[in-house]
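Work through the exercises below with the sequence and the structure in view. Try each task before reading its solution.

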Amino acid sequence: MKTKGNFGDYSRNFITDVPTDLKSEKSLFFEKTIPRFAEEAIYIYSFKENRMIFASGWEEVVGYKDDEINMLAIVNMSAPEFAPFSHDLNDKALKFIHNKTKDLEKYSFTIELKKIHKNGSEVPISARVGVFSSENGKIESIIGRFQINRSLIFGKIMRYAAYGPDKEKFEEELNKILFYHLAISNKEKEALSLVAKGYSFKEIAYELGVSHSAIEKRIIPLYKRFDVKSLTHLVSFAYDNNILP
């Protein structure tokens, strides 16, 4: 595995490489109470204890035993082309949520990426990471669910989405920070899919229940990000890179 230095500057202050104790009271409790689907791996990391407190399903998904898994290992097993974006997304999402004090358990984000299996093969993953518990307005622990998704078709564009009470602001902040990555958010993809169907910006705004300027903010920055010159070129680029089905 690579070193701690591959983490974002912010996240590295909160992350350790301490794995879970599978025989601990908490781990045994979570094993009984948290449902896990086929080809899915789950972790719970405690900022309060500075360690992983639960891990399940990792050998099935990426070949590592549950007591081998720690936060550094999970992030650093991303395929090279996904690693920089994954590091930045984890870093900036954590920083955003750390500035919130209410309804923390409602915040999460998703990302589609490839992880490297212990045997060296690539595993297509749909991952969701969110706040698991909080105390006195501060994050106490986070939960991650990583499921093999064999239907994923990857181009060179990273795909992610943000969720929570302040979802619009959350995704807006991530978009600003992640602008120089070849990435697209759920909101941007949603608007772009309607562009591909021939909708005008005004019609898209009506369809999604937002302002005309909100749609412009989702679509226009994609020109520079993906180095395209027109809406037609943008839609063509989206299809070529599997952003749109």
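**Exercise 1.** Decide whether Glu40 is buried or exposed, and list what Glu40 touches.

Solution. Step 1: apply the cut-offs, where buried means under 20% relative accessible area, exposed over 50%, and partly exposed in between (1.4 Å probe, protein chains only). Glu40 has a relative accessibility of 4%, so Glu40 counts as buried.
Step 1: Glu40 belongs to strand 1 (residues 40-46); helices (H or I, at least four residues) and strands (E, at least two) are DSSP runs, numbered from the N terminus.
Step 2: list the contacts, meaning heavy atoms within 4.5 Å. Leaving out residues up to four places away in sequence, Glu40 touches Pro35, Ser56, Gly57, Val61, Arg145, Phe146 and Gln147.

A note on the model: it is predicted, local features need pLDDT of at least 70, side-chain atom pairs count only at pLDDT 80 or more, and totals for chains, interfaces and linings use all residues. Residues are numbered from 1 along each chain as its sequence is written, and side-chain values use heavy atoms, with hydrogens and water left out.

**Exercise 2.** Find where Leu152 lies and which residues Leu152 contacts.

Solution. Step 1: Leu152 sits in the loop between strand 5 (138-148) and strand 6 (158-163).
Step 1: the relative accessible area of Leu152 is 15%, so this residue is buried.
Step 2: apart from neighbours within four places in sequence, Leu152 contacts Glu112, Pro124, Ile125, Ser126 and Arg159. For Ser126, 26 residues apart from Leu152 along the chain, the separation of the C-alpha atoms is 8.4 Å.

**Exercise 3.** State which residues touch the most other members of the largest nonpolar core.

Solution. Step 1: a nonpolar core is a set of buried Ala, Val, Leu, Ile, Met, Phe, Trp, Tyr and Cys residues joined through side-chain atoms within 4.5 Å.
Step 1: the largest such core has 47 residues, and Tyr43 and Trp58 touch the most other members. Helix 4 (residues 83-98) supplies the largest share of this core, 6 residues.
Step 2: not counting residues up to four places away in sequence, the contacts of Trp58 include Tyr43, Tyr64, Ile69 and Phe146.
Step 3: another core, of 20 residues, lies apart from this one; Ile184, Val228, Phe237 and Ala238 are among its members.

**Exercise 4.** Describe how helix 6 and helix 8 pack.

Solution. Step 1: two packed helices are described by the angle between their axes and the distance between the axes. Axes are lines fitted to C-alpha atoms, for helices over the stretch in contact, and angles run from 0 to 180 degrees between N-to-C directions.
Step 1: helix 6 (residues 186-196) and helix 8 (residues 212-226) pack at about 95°, with axes 9 Å apart.
Step 2: angles under 35 degrees count as roughly parallel, over 145 as roughly antiparallel, 65 to 115 as roughly perpendicular and the rest as oblique. Helix 6 and helix 8 are therefore roughly perpendicular to each other.
Step 3: Lys187, Glu188, Glu190, Ala191, Leu192 and Val195 of helix 6 meet Arg218, Ile219, Leu222 and Arg225 of helix 8.
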